[in-house]
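I'm opening this structure for the first time and jotting down what I look up as I go.

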Amino acid sequence: MSWDGFEAPLKARLRLFVIGVLVFSLLCTLFGRLWYMQVMSSADYSQAATAQHIRQVLVPAPRGTIVDSQGRTLVGNRVSVMITVDRSVLAKLPESQQNLVLARLAKVLGQKPKDLKARTMLCGEPGASKPPACWNGTPYQPIPVAKDVSEQVAIEVMERREDFPGIAADSQTLRAYPSPYKVNAAHILGYLSPITTDELEDMDKAGQDSVPHRSDLVGRAGVERSYDKLLRGTPGEKDMIVDAVGYTTGIKKQTAPIPGATLVTTIDARIQASVEAQLKSAIMTARKQTDPVTHRKYVADSGAAVVMDTKTGRVVAMASYPTYDPGVWVGGITQRELDALYSAKSGMPLVSRALQGQLAPGSTFKPITTAAAMSAGYGPKTRLDCSSYFEVGNRRFKNYESASYGMIGFDQALALSCDTFFYRIAYALWLKEGGNSSDISTRDPLVEMAQKFGLGKPTGVDLPGEVSGRIADRKWKKTYYDAQKDYYCKVAANPPAGTSAFLKQFAREFCVDGYKYRAGDAVNFAIGQGDTTITPLQLATVYSALSNGGTLYEPRVVQSWIGANGKPHEIKPVVKSKLPVPRNTLKYIDTALKSTTKTGTAAWKFQGFPLDKIPVRAKTGTAEVYGKQTTSWLASYTDRYAVVMMLSQAGTGSGAGGDSVRKIYETLYNIKPAPPVQGKPVQ
């Protein structure tokens with residue numbers, strides 16, 4: 001047989017051998033891999049498989065309570081049965097069926113289907129209401145649509161799961177307001193609402209510590225916002241084991257939540273209740289009075305009052321009117337409720353007038369003018385004419401009701417609130433420091449002293465939203481002119497129909513040289529009129545400094561916090577600055593202000609008050625506002641407390657607020673109220 005005869009069978013056997021080797025290698029590789037997966041990597045795969053059946057659930061931390069200085073609870077927590085809607089479940093249904101489910105639920109809850117659907121819509125999506133009436137949180141979190149539902153309603157929803165897919169009844173912790181002494185304190189306490197996805201993303205980008213979770217409520221105002229991180233606590237975590245269908249079969253592990261801290265505020269609920277009641281009483285009383293000039297009833301649209309501990313800068317009480325019920329935010333707010341809070345007709349109750357009300361201070365500014373004048377060459381022996389008017393150019397600046405008291409000193413000028421006395425000082429200093437000069441760096445002793453008293457900038461109070469007020473000096477006037485020149489020049493050249501004669505004249509003058517700081521600006525500044533504005537809280541810090549010998553404190557509404565471990569942490573008073581005013585000058589002003597309640601403009605409101613035991617120093621103010629009725633101010637202090645009350649469009653300083661301020665002092669010092677005194681209102 002030839003070699004070619006053996007070659008073919010040999011090649012076939014060789015091919016079979018190679019194939020056999022390959023098959024054997026593949027089998028070895030397969031078995032090796034199976035062995036590795038089942039033996040060497042079994043723990044890893046077991047863990048991965050288990051993870052597919054573990055759902056991590058956050059256990060909310062009880063939010064910290066807020067108490068007053070005596071330990072009375074102002075804000076606490078309570079358990080409520082809530083009905084929630086899971087959008088992720090509803091989204092799997094046809095839209096018609098979604099509407100049917102919501103209609104059924106609305107009927108059970110006694111709500112309108114339209115209103116219920118609005119509460120389940122995400123803020124920003126087409127047709128959604130304004131936040132927080134819409135859902136401002138994550139779409140993956142069940143949305144609360146009803147709070148404090150009855151047990152019967154909860155059972156009906158849970159037993160009819162086929163009729164209510166995505167609907168659940170659950171117990172949740174909500175904020176509670178025990179209201180000791182019936183206090184409100186809404187502008188101090190604040191409120192909560194869900195955190196938004198945008199806010200979470202911004203916090204992540206900023207690298208903030210203790211970023212809230214998607215399910216958290218966060219503070220939106222008051223101390224709820226300022227101390228949100230402390231109050232929020234740390235949520236616990238629970239690893240739930242679920243089966244393939246999604247039912248819970250057990251708990252693998254869990255960590256307990258850490259409750260938020262307890263905030264101890266500086267507020268005394270007893271005093272706070274009195275201040276709120278007296279502020280409202282003053283406004284209601286003013287609305288019954290008639291403006292002697294226009295013969296119209298006073299509007300008395302808003303007001304604020306502050307009580308401060310002059311030794312520490314701690315706020316004992318602070319109220320704003322109109323106010324609102326902080327409980328309206330609990331468990332979600334309706335569009336109707338939200339509209340009312342932002343409505344001008346209801347007085348914009350969300351605005352805290354104590355921190356955000358910017359108004360001309362009127363004659364309560366005169367102690368600052370006195371301090372400035374005495375640092376610029378005037379003194380206790382100075383005597384100036386308290387004439388019925390003071391003429392600047394072609395304009396007469398009058399005393400209130402054109403009163404005239406002859407030659408007097410600073411003490412009588414403060415007690416009697418003589419405007420023309422301070423006009424003369426301001427005019428003389430204006431001439432001395434440059435008069436009509438357009439140089440914005442021109443020195444002004446009155447402006448400098450106002451700045452040293454802390455005006456024109458926030459006080460630094462530990463509450464959000466505080467405004468700075470405004471010192472209308474040469475620099476401000478030039479800035480305002482640059483911003484408004486085009487508008488007023490347009491009005492001057494072509495006045496719109498209905499423009500008043502006053503506005504036409506003002507526009508013409510402003511267009512030409514509105515940047516100039518004129519003599520009229522200077523004399524108005526000296527008595528707290530014109531474009532200068534302050535807040536009631538700023539004025540309270542000023543009068544506290546007059547009381548304590550010249551120390552300006554940063555106001556505080558929280559004095560300490562207590563952690564979950566029970567350890568207290570004090571928040572110490574912060575000194576902002578020391579007034580550059582000699583002690584003898586402060587003592588002189590102090591003595592003069594004592595006369596206000598004895599023989600001056602507030603005396604008729606303090607008759608029968610034990611001034612010999614509790615000397616009350618005070619300054620009244622009646623600030624004129626173009627196009628509105630006068631703003632009433634009464635700023636006062638004792639050796640321990642400063643009390644300031646502001647009433648917008650309510651009349652004179654003592655006439656509108658005198659009785660109420662007196663009653664606040666009676667509460668502070670536990671004095672038996674005296675019968676009301678009738679008399680003539682003065683400035």
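Predicted model: local features only at pLDDT ≥ 70, side-chain atom pairs only at ≥ 80, totals over all residues.

**Helix H4**

I started with which residues of H4 are buried: I got Val101, Leu102, Leu105, Ala106, Val108 and Leu109. They cover an arc of only 160° around the axis, so they sit on the same side of H4.

What do the buried residues of H4 pack against? My list has strands S3 (73-85), S4 (143-146) and S5 (167-176), plus helices H3 (87-90), H5 (113-119) and H6 (151-159).

I also tested the length of H4. It runs over residues 95-109, which is 15 residues, and at 1.5 Å a residue it should span 21 Å. The C-alpha atoms at its ends are 21 Å apart, so that agrees. After H4 comes glycine 110, and its phi is positive, near 75°.

**Arginine 175**

I moved on to strand S5, where arginine 175 lies. Is arginine 175 buried or exposed? Its relative accessible area is 5%, and buried means under 20%, so I put arginine 175 down as buried.

Then I looked for what its side chain meets. A polar atom of the arginine 175 side chain lies 2.7 Å from the backbone oxygen of glycine 64. The side chains of arginine 175 and glutamate 224 are joined by a polar contact of 3.0 Å.

I skipped neighbours within four places in sequence and looked up the other contacts of arginine 175; among them are Arg63, Thr65, Ile66, Asn77, Leu192, Leu231 and Val330.

**The five-stranded sheet**

In which order do the five strands of the open sheet run? I read S12-S11-S23-S22-S21, with antiparallel pairing. S12 (315-321) and S21 (617-623) stand at the edges with a single partner strand each, so one side of each has no neighbour in the sheet. The twist averages 5° from one strand to the next.

I zoomed in on one pair. S11 (residues 302-309) and S12 pair in the antiparallel sense over six bridges. For alanine 305, the bridge partner in S12 is alanine 319.

Last, I checked which helices go with the sheet. Helix H11 (residues 269-286) lies across S11, S12 and S23 (641-648), and it runs at about 30° to S12. Helix H22 (residues 583-598) packs on the sheet too, touching S21 and S22 (631-637), and its direction makes about 70° with that of S21.

Key:
Residues numbered from 1 in each chain as written. Heavy atoms only, no water. Helix = DSSP H or I, 4+ residues; strand = E, 2+ residues; numbered from the N terminus. Expected span 1.5 Å × (residues − 1). Buried < 20%, exposed > 50% of the residue type's maximum accessible area, 1.4 Å probe, protein only. Arc of directions from axis to C-beta. Contact = heavy atoms within 4.5 Å. Polar contact = N/O pair within 3.5 Å; in protein donor to acceptor, adjacent residues only side chain to side chain. Pairing = 2+ DSSP bridges. Axes fitted to C-alpha atoms, helices over the stretch in contact; angles between N-to-C directions.
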